[in-house]
Structure formats: structure tokens, C-alpha cells
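Thanks for coming. I will go through the strand pairing and then the ligand site. Please have the model up on your screens.

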Amino acid sequence: MALDERIITQAILDRWHQKFRESLDVDVCIVGGGPSGLVAGSFLAGWGYKVSLYERKLSVGGGMWGGGMMLNEIVVQEEARGVLEAFGIPCRPYMDGYHCVDSVYCVTSLAARACEAGLRIWNLMSVEDVVMRDDRVTGLVINWSAVETARLHVDPLTVSCRFCVDTTGHACELVHVVERKVPGKLHTPTGKLEGEKSLWAEKAEQLTLENTREVFPGVYVAGMAANATFGGPRMGPIFGGMLLSGKKVAECIRDRLVSERGPT
Ligand code: 48H
């Protein structure tokens with residue numbers, strides 16, 4: 001069969017357009033495709049919700065690819081082993097309570113399971129702002145990352161969602177925008193972004209989970225962004241807290257959606 005280049009182009013355009021149209025109004029938008037975002041999106045999509053994940057870079061995985069200081073193994077504590085098992089990712093015991101996984105295998109498996117669960121991943125797109133109403137955030141303002149990189153003056157597009165999640169890691173970019181531009185206070189002790197503290201693995205991992213919650217009406221934080229928002233320390237290259245935080249934020253949002261609409 002002779003290949004027609006025009007059909008190849010047409011196929012990409014048609015299929016992409018169809019996916020994008022179906023994703024203009026979703027239950028949950030996740031900003032950032034690191035480990036916490038992938039886990040959150042995967043659970044929510046698996047429970048039948050419409051979920052989009054926006055990732056600025058070409059590839060999802062965030063800081064997980066590089067393990068610790070570019071040594072491509074990650075460490076996961078006992079409490080988080082169940083999350084890896086739920087994704088079919090075997091980990092190797094290192095010593096009591098400590099497990100290791102090849103970081104490349106872990107990222108690619110999390111991403112594959114998330115796509116299989118129905119999560120729509122939009123790579124190469126950056127979230128630059130939120131859509132607001134009087135009482136809550138109701139959507140996201142998105143643009144091509146290439147537009148951002150080239151500093152072009154190109155207006156963005158918008159998508160609507162019931163809830164959005166900041167999983168942008170250390171930068172907590174979504175919360176920064178909300179703090180700066182949306183009237184009202186964050187649900188933090190000072191009403192402002194508290195800022196990340198220096199490294200303390202044990203405390204940070206525990207606080208990541210406590211800090212995984214709604215920070216503004218319609219906006220949740222998870223992963224490293226949760227600690228940066230609520231003033232918790234960083235943890236270094238241990239990833240259990242990221243996985244557990246992704247699972248927790250998915251459960252919190254599911255409970256909210258169920259109480260608003262009933263089960264899916
Ligand atoms: C679209 C965006 C935007 C935006 C950023 O940093 P991540 O891996 O995030 P987490 O929280 O899931 O995992 C944190 C972990 O990797 C880590 O850094 C740890 C454990 N550090 C401990 C320590 O002590 O240093 O991923 C965030 C993702 C990245 O892929 C960004 O490109 C993406 O979010 N992103 N995507 N629009 N505005 N901002």
C-alpha cells in the first residue's frame with residue numbers, strides 16, 4: 001500500500017482535535033506530570049472521572065527520572081510499597097523498611113498505567129493562569145510551552161474543571177498564581193504561601209501527606225507543592241511521600257465529587 005503523507009497529517013489533526021474537544025470541560029485538571037500528578041490522575045481516571053494532566057515538558061516523570069543526584073534508583077519506604085504494587089511495579093527490598101526501584105522503569109510504568117486508566121496527558125503545555133469566579137477557581141489558562149520558552153506574545157486558551165491540583169513540585173506554580181492574582185486568602189496559617197523549608201526526610205514525608213489538601217476553593221495541592229505551600233521541609237530522594245500524596249489527593253477529590261453528584 002502506498003503511503004499518502006496528507007493522510008498522515010490529517011490523522012494527527014483529526015485525532016488530536018477530537019481528544020482536545022472532549023477535554024474542554026473535565027472533572028479534574030492536574031498541573032504537573034511528576035510522580036504525585038501521575039498517581040493522582042491515574043487513580044481518578046481509573047474511578048471513571050474525566051481527568052486531564054498538563055505537563056510543560058516533552059516527557060512526564062518530573063524529578064523521578066534522575067533518582068538522587070542522577071543515580072537512577074529511587075528509594076521508597078515501607079508505607080508506600082502498596083502504591084507501587086497497585087501500579088504493578090515490583091520493588092526490591094534494600095533493608096528493613098527501605099525498598100528500591102529503577103527510576104526509569106518506575107516513571108514509564110506510572111505513565112503507562114495512567115494512560116491505560118484513561119488519564120489524558122497533555123505534554124508540551126504549560127498552565128499559566130487560572131479561570132476564576134467570585135467563589136472559586138473554575139478552570140485553567142493553558143498555552144504551548146514553546147510559546148512560553150520563546151517569550152512570544154500569543155494569547156492562551158482555557159479549559160474548565162470542577163477541581164484542579166497543583167503538582168508542579170518545588171515551584172508550586174499554580175498556588176503562586178492564585179496567591180498573586182485571585183482575591184481571597186489561601187487556607188494556610190498566614191493566608192499566604194508559606195514556602196518550603198530545608199531538608200528533613202522523616203518529617204517531610206509525614207507532612208507531605210498532612211499538607212495534601214485544598215488550599216483555595218477548587219484548588220488542591222499534592223506532592224512537593226504541598227510542602228512548599230504549607231511550609232514543610234524537603235525530603236531528598238525518597239519518593240514514597242509523592243506516591244502517597246498523589247493517592248490521597250485523588251481520594252479527597254473523589255469524596256468531594258461523590259458528595260456533590262453521587263457515585264460515578
Ligand atoms: C505544566 C508544569 C508547570 C506548569 C511545573 O517536581 P515533580 O517531580 O513533582 P512531584 O511533587 O510529583 O515530585 C517531586 C519530586 O520529583 C522531587 O522533586 C522531590 C521528592 N524532591 C525532594 C528534594 O528534597 O528535592 O514534577 C513537577 C512537574 C514537572 O514535570 C514540571 O515540568 C511540571 O510539573 N510543571 N507543567 N504547567 N505551570 N510547572
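Start at Val75, which stands opposite Cys100 in strand E5. Before going further, the ground rules: this is a predicted model, where local features need pLDDT of at least 70 and side-chain atom pairs count only at pLDDT 80 or more, while totals for chains, interfaces and linings use all residues. Residues are numbered from 1 along each chain as its sequence is written, and side-chain values use heavy atoms, with hydrogens and water left out.

Back to the strands. E3 (residues 73-77) and E5 (residues 98-102) run antiparallel and are joined by five bridges. Strands here are DSSP runs of at least two residues and helices, H or I, are runs of at least four, numbered from the N terminus; two strands pair if DSSP finds at least two bridges between them. E5 is also joined to E4 (residues 92-95), again antiparallel, by three bridges. There, Pro93 stands opposite His99 in E5. The E4 and E5 hairpin has two residues between the strands, and Gly97 takes a positive phi near 85 degrees.

Arg213 stands opposite Val221 in E11. This hairpin has two residues between its strands as well, and Gly218 has a positive phi near 95 degrees.

Now the ligand. What surrounds it? The shell holds 27 residues, the closest being Ser36, Glu55, Gly63, Arg234 and Gly236; near means that a heavy atom of the residue lies within 4 Å. By class, nine are nonpolar, 13 polar and five charged. Nonpolar covers Ala, Val, Leu, Ile, Met, Phe, Trp, Tyr, Cys and Pro; charged covers Asp, Glu, Lys and Arg; the others, Gly among them, count as polar. Helix H2 (35-46), strand E2 (51-55) and strand E7 (125-132) each supply at least two shell residues, and E7 gives the most, with three.

A polar backbone atom of Gly236 is 2.8 Å from an oxygen atom of the ligand. A polar side-chain atom of His170 lies 3.1 Å from a ligand oxygen. A backbone N or O atom of Arg56 lies 3.1 Å from a ligand nitrogen. Taken alone, the ligand exposes 800 Å², of which the protein buries 91%, by the Shrake-Rupley method with a 1.4 Å probe.

Note on methods
A polar contact is a pair of N or O atoms within 3.5 Å; within protein, one must be able to donate a hydrogen and the other to accept it, and residues adjacent in sequence count only if both atoms are side-chain atoms.
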